[in-house]
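Please open the model in your viewer and keep the selection panel at hand.

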Amino acid sequence: MNVVLNPKITILGIETSCDDTSIAIVQDGAVLVNLITSQWIHKKYGGVVPEYASRFHVESIIELYEMAIQKVGLRPEDINAVAVTRGPGLLGSLMVGLSFAKSVCLSLNIPLIEINHLHAHATSLFIDQKANYPLLCLTVSGGHTQLLFFKDESEFDVIGQTLDDAAGEAFDKTGKLLGLKYPAGPEMDKLAKQGIPKFKFPMAQVPKYNYRFSGLKTAVLYFLQDQQRMDPLFIERNLTDLCASIQHVIVKMLLQKLNIAAIDYKARSIGIAGGVSANSELRANISELCDKNNWNIYLPSISYCTDNAAMIAYLGYLKYLKKDFADLSITALARYPLTQTQ
């Protein structure tokens with residue numbers, strides 16, 4: 001009797017929501033390759049320039065795709081489906097990735113899977129580890145800050161989010177006031193380790209589990225203006241302490257709402273995702289909070305914190321198992337609110 005084994009499910013992931021081009025391949029839920037190329041030019045302008053971002057995606061995406069295929073020794077015909085970020089993000093950047101994904105699907109006659117970028121960030125927690133539910137996930141990045149309550153792997157509710165700037169944006173904007181290069185978050189984290197949080201900045205009082213960070217930028221701006229009138233070298237003399245103070249209040253704001261939500265929702269586990277989840281003070285403080293409350297903690301690998309296609313392909317694999325496919329007529333969405341139906 002001949003036994004026919006089920007073929008492996010191979011998903012190609014494509015991520016181009018902002019200024020990182022990424023291609024990944026996931027097979028049966030395991031990441032085989034996760035390639036990312038970042039665009040250096042935006043540092044010159046102190047922020048992402050949309051036109052340059054989309055142009056560099058066009059120049060790099062095909063080469064990155066070919067490198068990924070070759071690296072794992074697969075043929076294009078081995079791919080079962082293509083998962084791609086539909087939104088949210090920069091419209092021009094998203095269109096590059098979506099157009100390329102459609103072309104691969106048409107050439108290979110395989111299904112397309114649309115991915116919400118925010119959903120993928122949260123799901124990145126589960127790429128290398130099994131979760132213990134119910135779980136509260138804090139997603140923090142340059143453009144987004146959200147609290148998601150997962151009842152299980154596929155059912156979740158958005159219970160809180162930023163009402164203006166995101167946490168990562170607060171790092172970048174206040175860092176720019178200090179003269180740090182874009183993106184300022186990693187450099188501020190590094191400098192903060194050498195300082196102490198001796199300067200006090202206000203925390204926004206926001207109802208429920210939501211956040212506001214734009215007021216912090218304004219408070220830092222006025223504080224620096226006042227201090228520099230008395231001492232033009234104030235920032236230079238106090239840079240490490242300023243970084244420590246700003247980082248301290250951002251982390252404190254994030255954890256205050258997370259702690260309240262975790263208690264209210266009786267969460268058993270806590271996770272953080274997104275680019276800011278790589279911040280060392282946030283990781284240390286959330287680990288301490290979880291130890292204190294006997295909560296399980298889920299921290300993604302550093303390679304899955306920033307924008308990457310591994311999280312896109314992994315969520316695509318989960319959606320493939322449910323045959324949750326998209327029509328090739330779908331368009332990119334700069335605004336793509338996350339809902340529990342995704």
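Select helix H5, residues 167–177; helices (H or I, at least four residues) and strands (E, at least two) are DSSP runs, numbered from the N terminus. Its buried residues are Ala-167, Gly-168, Ala-170, Phe-171, Asp-172, Thr-174 and Gly-175, where buried means under 20% relative accessible area, exposed over 50% and partly exposed in between, with a 1.4 Å probe and protein chains only. Next, display the elements against which these buried residues pack: E6, strand E7 (145–150), helix H6 (184–192), helix H7 (214–230) and H8. Contact means heavy atoms within 4.5 Å. Gly-179, which follows H5, has a positive phi near 90°.

Two remarks on the source apply throughout. This is a predicted model, in which local features need pLDDT of at least 70 and side-chain atom pairs count only at pLDDT 80 or more, while totals for chains, interfaces and linings use all residues. Residues are numbered from 1 along each chain as its sequence is written, and side-chain values use heavy atoms, with hydrogens and water left out.

**The sheet**

Now select strands E1 to E5. In what order do the strands of this open sheet lie? The order is E3-E2-E1-E4-E5, with mixed pairing; two strands pair if DSSP finds at least two bridges between them. Strand E3 (30–38) and strand E5 (112–116) are at the edges with a single partner strand each, so one side of each has no neighbour in the sheet. On average, neighbouring strands are turned by 20° against each other, direction ignored. For such angles, axes are lines fitted to C-alpha atoms, for helices over the stretch in contact, and angles run from 0 to 180 degrees between N-to-C directions.

Begin with E1 (residues 10–15) and E4 (residues 81–87), a parallel pair joined by 4 bridges. Within this pair, Gly-13 stands opposite Ala-83 of E4.

Move to E2. Are the residues of E2 buried or exposed? Of its 8 residues, 8 are buried, so E2 is largely enclosed by the rest of the structure. Asp-20, Ser-22, Ala-24 and Val-26 point one way, and Thr-21, Ile-23, Ile-25 and Gln-27 point the other way.

The pairing of E2 with E1 is antiparallel, over 6 bridges, and the two strands form a hairpin with 4 residues between them. Here Leu-12 has Ile-25 of E2 as its bridge partner. E2 also pairs with E3 in the antiparallel sense, over 8 bridges, and Ile-25 has Val-33 of E3 as its bridge partner. In the hairpin of E2 and E3, with 2 residues between the strands, Asp-28 has a positive phi near 50°.

**Loops and backbone geometry**

Select Gly-87 and Pro-88, which are joined by a cis peptide bond with omega about -10°. Pro-88 is in the loop between E4 and H3. A cis peptide bond also runs from Tyr-133 to Pro-134, with omega near 0°; Pro-134 is in the loop between helix H4 (117–123) and strand E6 (135–140).

Select Lys-266 in the loop between helix H8 (234–264) and strand E9 (269–273). Although Lys-266 is not a glycine, its phi is positive, near 55°, and at 67% relative accessibility it counts as exposed. Continue to Asn-294, in the loop between helix H9 (280–293) and strand E10 (296–298). Asn-294 likewise is not a glycine and has a positive phi of about 60°; its 71% relative accessibility makes it exposed.

**The cavity**

Finally, select Met-203, Ala-204, Val-206, Asn-210, Tyr-211, Arg-212, Met-253, Gln-256 and Lys-257, which line the largest cavity. A search of the whole structure finds 1 cavity of 30 Å³ or more, and the largest has a volume of about 60 Å³. A cavity is a set of points, on a 1 Å grid over the protein atoms alone, where a 1.4 Å probe fits but cannot get out; lining residues have an atom within 4 Å of a point. Grid points are joined across faces, edges and corners, and a volume is the space filled by probe spheres set on the points. The lining comprises 5 nonpolar, 2 polar and 2 charged residues, with Ala, Val, Leu, Ile, Met, Phe, Trp, Tyr, Cys and Pro counted as nonpolar, Asp, Glu, Lys and Arg as charged, and the others, Gly among them, as polar.

Methods: 1 Å grid on protein atoms, 1.4 Å probe; cavity = no way out; pocket = protein on both sides within 12 Å on 5 of 7 lines; lining within 4 Å.
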